Amino acid sequence: MEARWLLPDLEEPTSNEFWFGCARGELLVQACGACGKWRMPPRPMCPYCRSTEVTWVPTSGRGRIWSFIVSHPPLLPAFAEKAPYNAIIVELEEDPTIRFAGNLVTSAEGEINEIDPSTIEIGEPVRVVFAQIDDVSLPRWVRA
């Protein structure tokens, strides 16, 4: 039996706009409709002013590698055959306090284990690409 990727629930109301944006090729960030502060991950209430007003803001999709790890077995079954692979944290160019998790790849269709981990550098500029897995467009990152 083939292992399945762990994919997000596209109907979850707090984050569904993020996933709809990814499907259109846009990296969106949730913002408070009252105070305007950006937040990631999406949540139903602003941690700054406690408003429940929400807007979604398109970003440039550019950032820098803030941190990374290399995952080795044992892992969840869906990822075991890909190990070792990188997992990176990207700080967004527009606001370095907004961070996304993903993988560094050579293209949207690239494998999560195709980059030699010894070549990954903290501070390296990257840009978002979207990998289609089943009905989900997952943000991944390529070197800028």
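These legends describe several close-up views of a predicted model. Because the model is predicted, local features are given only at pLDDT of at least 70 and side-chain atom pairs only at pLDDT 80 or more, whereas totals for chains, interfaces and linings use all residues. Residues are numbered from 1 along each chain as its sequence is written, and side-chain values use heavy atoms, with hydrogens and water left out.

**View 1. The three-stranded open sheet has the order β2-β1-β3, with antiparallel pairing.** Strands here are DSSP runs of E with at least two residues, helices are runs of H or I with at least four, and both are numbered from the N terminus; two strands pair if DSSP finds at least two bridges between them. Five bridges join β1 (residues 28–32) to β3 (residues 54–58), while two bridges join β1 to β2 (residues 38–39). The hairpin formed by β1 and β2 has five residues between the strands, and G36 in its turn has a positive phi of about 85°.

**View 2. Helix α1 packs its buried residues against several strands.** The buried residues of α1 (residues 16–23) are N16, F18, W19, G21 and C22, and they pack against β1, β3, β6 (99–102), β7 (125–133) and β8 (136–143). C22 counts as buried because its relative accessibility is 1%. After the helix comes G25, whose phi is positive, near 85°.

**View 3. The largest nonpolar core has 23 residues.** Such a core is a set of buried Ala, Val, Leu, Ile, Met, Phe, Trp, Tyr and Cys residues joined through side-chain atoms within 4.5 Å. The residues with the most contacts inside this core are F18, W19, L27, F100, L104 and W141. The elements giving two or more residues to this core are α1, β5 (85–92), β7 and β8, and the largest share, four residues, comes from β7. Apart from this core lies another, of five residues, among them A78, F79, A83 and Y85.

**View 4. T59 lies in the loop between β3 and β4 (62–71).** T59 is buried, because its relative accessible area is 16%. A polar atom of the T59 side chain lies 2.8 Å from the backbone oxygen of L27, and the side chain of T59 also reaches the backbone nitrogen of G61 at 3.2 Å. Leaving aside neighbours within four places in sequence, T59 is in contact (heavy atoms within 4.5 Å) with L27, V29, W38, L92 and E94.

**View 5. The structure holds zero disulfides.** A disulfide is a pair of cysteine sulfur atoms within 2.5 Å. C46 is in no disulfide, and the nearest cysteine sulfur, that of C35, is 3.7 Å away. C46 is buried, with a relative accessible area of 1%.

Note on methods. Buried means under 20% relative accessible area, exposed over 50%, partly exposed in between (1.4 Å probe, protein chains only). A polar contact is a pair of N or O atoms within 3.5 Å; within protein, one must be able to donate a hydrogen and the other to accept it, and residues adjacent in sequence count only if both atoms are side-chain atoms.
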